[in-house]
Amino acid sequence: MNPFFIGIEGGATKTEGVLIDETGKVYVTIKAGPSNPWIIGFENSAKLLKQLMEDITAKDEVSWDQIVSVGMCLSGTGQSEPQSNLRHELQSLNVDTSKISIGEDMLGPVPNGGVVIIAGTGSNCVVYNADGSSKRAGGWGHLLGDEGSAYWIAQRAIKRVFDHTDNLNLSRHDLTRLRDEIKAYFKVQELSQLLNHFYKNFQKDLIARFTEVIAELASNNNDEACQELLKEAGYMLGAHLRAISPYIEKQLYDHGKLRVVAVGSVFHSWKFLKPGFMDALSNGHSLPFNKVELVRLTHSAAIGAAIWGARRHGTSLTNIDFTKCFTTLDTIDV
């Protein structure tokens, strides 16, 4: 029987699972809804993950005995308690968890170590060093963090319109187009009707997706208010990288250049993020590196999750060079 490995990467918006062999060949890719247990609940997260694993094995007619390991890299599972809770829920559904490793979503893009910044629905930044140490900044959810994320940008845009309308904090930019787009997107006539989306029928991913509209206004309409929001997001993402910089081991910035994996839809607006990002890196103590190469994944982070899960299970997939699964977004001097 050929050995196979499952990798699952998921967050607040979507989840993706893959089936690969020891060479990295992908046999199955399946997408599902959100899997963050803090958002949809641990029971629902376990049900989704069980179904995903069953669908993956059924699609390629692979038996569970052929599965060597399962790596689950999920947002909301960065600490031992949620990992234990999710494992317990899976066991209650009669899932064999002996092959399953559960870790945070940041591991998928850098299964062999490195630096990653996530700016999707939420945000986070972490370094995984070769000696096993790590340091993170952010990742505390929309109530305590998520600075620079799609949710943060959208919420900030709405708050800015409220404050300007209230004469509480006047914007230096015209907010007319932004206000009109907010009303159109959320299908409301008055700003007060937005309260329903925040205090009664809260949907984090729905609010976060409004950042796509903000990005379009910034790019296609040269809207200065939206451009400013994205610059502010860039600053916060740069501040996250600066926060962890003293903890990054030297071998990760060979010859002074640090590779950073940029994950998430917010990075599609890099043109507008970049000025703020660079401001954050130049604001404060000198950095141990002089260049930052931002790279984007060209393959699913679920493949990285499979590599990570295999190593946790005692199998190193040395035939897979995950460093080739990236393309350069930008290289900047700092």
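**Cysteines, sheet and cores in a predicted model**

Tutor: There are 0 disulfides in this structure, and keep in mind that the model is predicted.

Student: OK, so what about C73, where's the nearest cysteine sulfur?

Tutor: That would be the sulfur of C325, 14 Å away. Seen from C325, C73 holds the closest cysteine sulfur, and the distance is too far for a bond.

Student: And is C73 buried or exposed?

Tutor: C73 counts as buried because its relative accessibility is 0%. C325 counts as buried too, at 10%.

Student: Switching topic: what does E9 touch?

Tutor: Leaving out residues up to four places away in sequence, E9 touches K14, T15, E16, C73, L74, D105, A301 and A302. E9 sits in strand β1, residues 4–10.

Student: How far apart are E9 and L74?

Tutor: They're 65 residues apart in sequence, but C-alpha to C-alpha it's 5.6 Å.

Student: Is that glutamate, E9, buried or exposed?

Tutor: Buried: E9 has 17% relative accessibility, and the cut-off for buried is under 20%.

Student: Now the open sheet. What's the strand order?

Tutor: It has 6 strands, ordered β8-β7-β6-β9-β10-β11, with mixed pairing. β8 (134–138) and β11 (326–333) are at the edges; each has a single partner strand, so one side of each has no neighbour in the sheet. From one strand to the next, the twist averages 20 degrees.

Student: How many bridges join β10 to β11?

Tutor: 7, and the two strands run antiparallel. As one example, E293 has T331 in β11 as its bridge partner.

Student: Which strands does helix α9 touch?

Tutor: α9, residues 224–244, packs on the sheet and touches β6, β7, β8, β9 and β10. The helix direction makes about 25 degrees with that of β7.

Student: What about the largest nonpolar core, which residues touch the most other members?

Tutor: L178, F186, I214, L241 and F277, out of 54 residues in that core. Setting aside residues up to four places away in sequence, F277 touches I117, G234, Y235, L237, G238, L241, W270, L294 and I332. Another core of 26 residues lies apart from the largest one, and its members include V110, V126, V261 and A302.

Student: Last one: how is the chain divided into domains?

Tutor: Domain 1 covers 4–107 + 299–320, and domain 2 covers 150–227. Their centres, taken over C-alpha atoms, are separated by 35 Å.

Note on methods: Residues are numbered from 1 along each chain as its sequence is written. This is a predicted model: local features need pLDDT of at least 70, side-chain atom pairs count only at pLDDT 80 or more; totals for chains, interfaces and linings use all residues. Side-chain values use heavy atoms; hydrogens and water are left out. Domain bounds come from an automatic or database domain assignment. Two strands pair if DSSP finds at least two bridges between them. Helices (H or I, at least four residues) and strands (E, at least two) are DSSP runs, numbered from the N terminus. Axes are lines fitted to C-alpha atoms, for helices over the stretch in contact, and angles run from 0 to 180 degrees between N-to-C directions. Contact means heavy atoms within 4.5 Å. A nonpolar core is a set of buried Ala, Val, Leu, Ile, Met, Phe, Trp, Tyr and Cys residues joined through side-chain atoms within 4.5 Å. Buried means under 20% relative accessible area, exposed over 50%, partly exposed in between (1.4 Å probe, protein chains only). A disulfide is a pair of cysteine sulfur atoms within 2.5 Å.
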